[in-house]
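Me: Please give a close account of one part of this model, and then relate that part to the rest of the fold. I would like the answer as one connected text.

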Amino acid sequence: MPGPVRQIGELIGAALDTRQSDIHTSYAGIVKKYDSSTLRAEIETATHNPVTLADGSLEFKPLPIIPDVPICHLSAPGFSITFPIAVGTPVLVVCTVLDPSQFRSTGLVGPPGFIRRHAIGYAHAIPSVAFGGPGPGLPGAAINALILEGASIQLGLGATDFIALAAKVLTELGVVKSSFDSHTHPYIDTPAGPATTSPPTVPMTTASSVAAVKAKAE
Ligand SMILES: [Fe+2]
């Protein structure tokens with residue numbers, strides 16, 4: 001290939017490489033800082049970026065920390081599942097093709113705020129799709145149930161009290177029944193003096209199961 005043609009080819013290749021390095025699609029990421037009040041995080045990408053140097057060798061450079069990334073907890077209008085994000089939580093960072101900020105703030109379909117494609121500023125982080133680290137899913141879990149596993153599981157933003165378990169509630173109801181069925185009353189028998197009644201001749205009805213049909217807890 002003649003020299004000038006090769007040089008043009010190399011220039012085009014270099015320009016394409018430079019342009020491509022500016023196109024952000026998705027990354028394996030790690031949470032470096034998280035603000036639970038805004039649901040936004042600073043994200044470090046987990047893999048360094050290969051850069052071709054002038055001598056043709058490769059250098060691997062870390063990408064800058066991505067600031068102010070919305071964490072995409074699972075949600076639908078009126079419903080949400082919020083994960084306890086912490087420093088070190090692995091996430092999948094996704095950069096949308098076009099700027100979603102206008103739609104996110106207004107909910108209206110229309111032009112994007114910025115017209116650049118695949119910008120790093122369009123990054124969102126999804127915690128439930130993890131590369132490495134704590135794996136998605138629970139090996140050995142039953143395949144016919146939705147399982148929530150974790151040190152603390154809270155149903156409702158304002159929940160403070162604990163759920164009662166069916167077996168324990170039934171045991172406690174059994175204790176109440178036993179106490180009722182065997183209780184007696186002291187009284188004064190005239191003229192014999194202090195005496196005690198017999199236990200009730202009609203025992204308390206045995207409680208039936210208080211178990212939910214679908215939901216289980218431990
Ligand atoms: Fe009594």
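**The hairpin of S3 and S4, and its setting**

Reply: In this predicted model, the hairpin of S3 and S4 has 5 residues between its strands, and glycine 56 in that hairpin takes a positive phi near 90°. Strand S3 covers residues 49-52 and strand S4 covers residues 58-61; the two pair in the antiparallel sense over 4 bridges. Within this pairing, valine 51 has glutamate 59 in S4 as its bridge partner.

Most residues other than glycine have a negative phi, and most peptide bonds are trans. Against that background, aspartate 68 has a phi near 55°, a positive value in a residue that is not glycine. Aspartate 68 belongs to strand S5, and it counts as exposed because 12 C-beta neighbours lie inside 10 Å, while the exposed class extends to 12 or fewer. Histidine 118 likewise shows a positive phi near 55°, but its place is in the loop between helix H2 (101-106) and S9. With 14 other C-beta atoms within 10 Å, histidine 118 is partly exposed. The backbone has a further feature to note at threonine 190 and proline 191, which are joined by a cis peptide bond with omega of about 10°. Proline 191 sits in the loop between strand S10 (186-189) and strand S11 (193-196).

The next topic is the interior. In soluble globular proteins, nonpolar side chains tend to be buried together. The largest nonpolar core here has 15 residues, of which Val31, Ala41, Ile43, Val69, Val93, Ala123 and Ala125 touch the most other members. At least two residues of this core come from each of strand S1 (26-35), strand S2 (40-45), strand S5 (66-70), strand S8 (90-95) and strand S9 (123-126). S1 supplies the largest share, 4 residues.

Leaving aside residues up to four places away in sequence, alanine 123 touches Ile66, Val69, Val93 and Cys95. The C-alpha atoms of alanine 123 and threonine 96 are separated by 6.9 Å, although the two residues are 27 residues apart along the chain.

The mean pLDDT of the protein is 88, and 89% of its residues reach 70 or more. Confidence is lowest in helix H1 (residues 3-20), where the mean is 71, and highest in helix H3 (residues 166-182), where it is 98.

Key: Residues are numbered from 1 along each chain as its sequence is written. This is a predicted model: local features need pLDDT of at least 70, side-chain atom pairs count only at pLDDT 80 or more; totals for chains, interfaces and linings use all residues. A nonpolar core is a set of buried Ala, Val, Leu, Ile, Met, Phe, Trp, Tyr and Cys residues joined through C-beta atoms within 7 Å. A residue is buried if 20 or more other C-beta atoms lie within 10 Å of its own, exposed if 12 or fewer, and partly exposed in between; C-beta atoms are placed from the backbone. Two residues are in contact if their C-beta atoms, placed from the backbone, lie within 7 Å. pLDDT is the predictor's confidence in each residue, from 0 to 100. Two strands pair if DSSP finds at least two bridges between them.
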